[in-house]
Amino acid sequence: MAVCEKEIGTIEPRTVPTLKSLQEDYPKAELYFLMGADSEFGGIKEFLNSHGSFTIYDLPALVQEANQKGEAVEASGWGLDDKTIFDRAKADLERLGKEDAPFYYNIMTIDTHAPTGKTTSDCKCSYEDSYTNAIACLDFHIEQFYNWLSQQPFFGNTVLVIMGDHLTM
């Protein structure tokens, strides 16, 4: 049976720590969530706020920050592209990595969420359909981010988790 044809069975009770328990176990850890869309969408902000004291960098916050600096922000109907988000994550992580405090930093990408996907100019479009190109582009950005992350002094004390929120992500 192919992965996409896998039947979804009974959901077992949680056996892994939740975000709430992470904050309870590591009360000094700062929690961050970065996404290119509005965190009000899909109840994301409400979910995060019910699981800890997150600093949320979402589209409205990033636009406001850019406006205060006199910078322009280019966003599609879905929000900021993944390259922009990964670049922001690098800047944040460089700053956080210099501090002597534990942190949790979550990055949510969006370029594979649009019905036909979205690519950025630094990606090759080697496939016939735009959605497959969007997936390949996200793979490229993850690879670039990982390569950068692995060169950081805090990398040895870092856990990187990559997960999708849909079957193709």
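Biologist: Leucine 160, is that buried, partly exposed or exposed?

Modeller: This is a predicted model, and in it leucine 160 has a relative accessible area of 39%, so it counts as partly exposed.

Biologist: Where is leucine 160 found?

Modeller: Look in the segment after α5, the helix covering 130-149.

Biologist: And which residues make the nonpolar surface patch?

Modeller: Tyr146, Leu160 and Ile162 make that patch, and its area is about 290 Å².

Biologist: Switching to the sheet, what's the strand order?

Modeller: The order is β2-β1-β3, an open sheet of three strands with parallel pairing. The edges are β2 (54-57) and β3 (103-108), each pairing on one side only. On average, neighbouring strands are turned by 15° against each other, ignoring direction.

Biologist: OK, how many bridges link β1 and β2?

Modeller: Four bridges, in the parallel sense, with β1 spanning residues 30-35. Across that pair, tyrosine 32 stands opposite threonine 55 in β2.

Biologist: Which helix packs on the sheet?

Modeller: Helix α4, residues 82-98, which touches β1, β2 and β3. The direction of α4 makes about 175° with that of β3.

Biologist: New topic: threonine 109, buried or exposed?

Modeller: Buried, because its relative accessibility is 17% and the cut-off for buried is under 20%. Threonine 109 is in the loop between β3 and α5.

Biologist: What is threonine 109 in contact with, leaving aside neighbours within four places in sequence?

Modeller: Asp82, Phe86 and Leu138 are its contacts on that basis.

Terms used
Residues numbered from 1 in each chain as written. Predicted model: local features only at pLDDT ≥ 70, side-chain atom pairs only at ≥ 80, totals over all residues. Heavy atoms only, no water. Patch = residues over 30% accessible without salt bridge, like charges linked within 9 Å, V, L, I, M, F, W, Y side chains within 5 Å. Areas by Shrake-Rupley, 256 points an atom, 1.4 Å probe, with all protein chains shown as cover. Salt bridge = Lys/Arg side-chain N within 4 Å of Asp/Glu carboxyl O. Helix = DSSP H or I, 4+ residues; strand = E, 2+ residues; numbered from the N terminus. Buried < 20%, exposed > 50% of the residue type's maximum accessible area, 1.4 Å probe, protein only. Pairing = 2+ DSSP bridges. Axes fitted to C-alpha atoms, helices over the stretch in contact; angles between N-to-C directions. Contact = heavy atoms within 4.5 Å.
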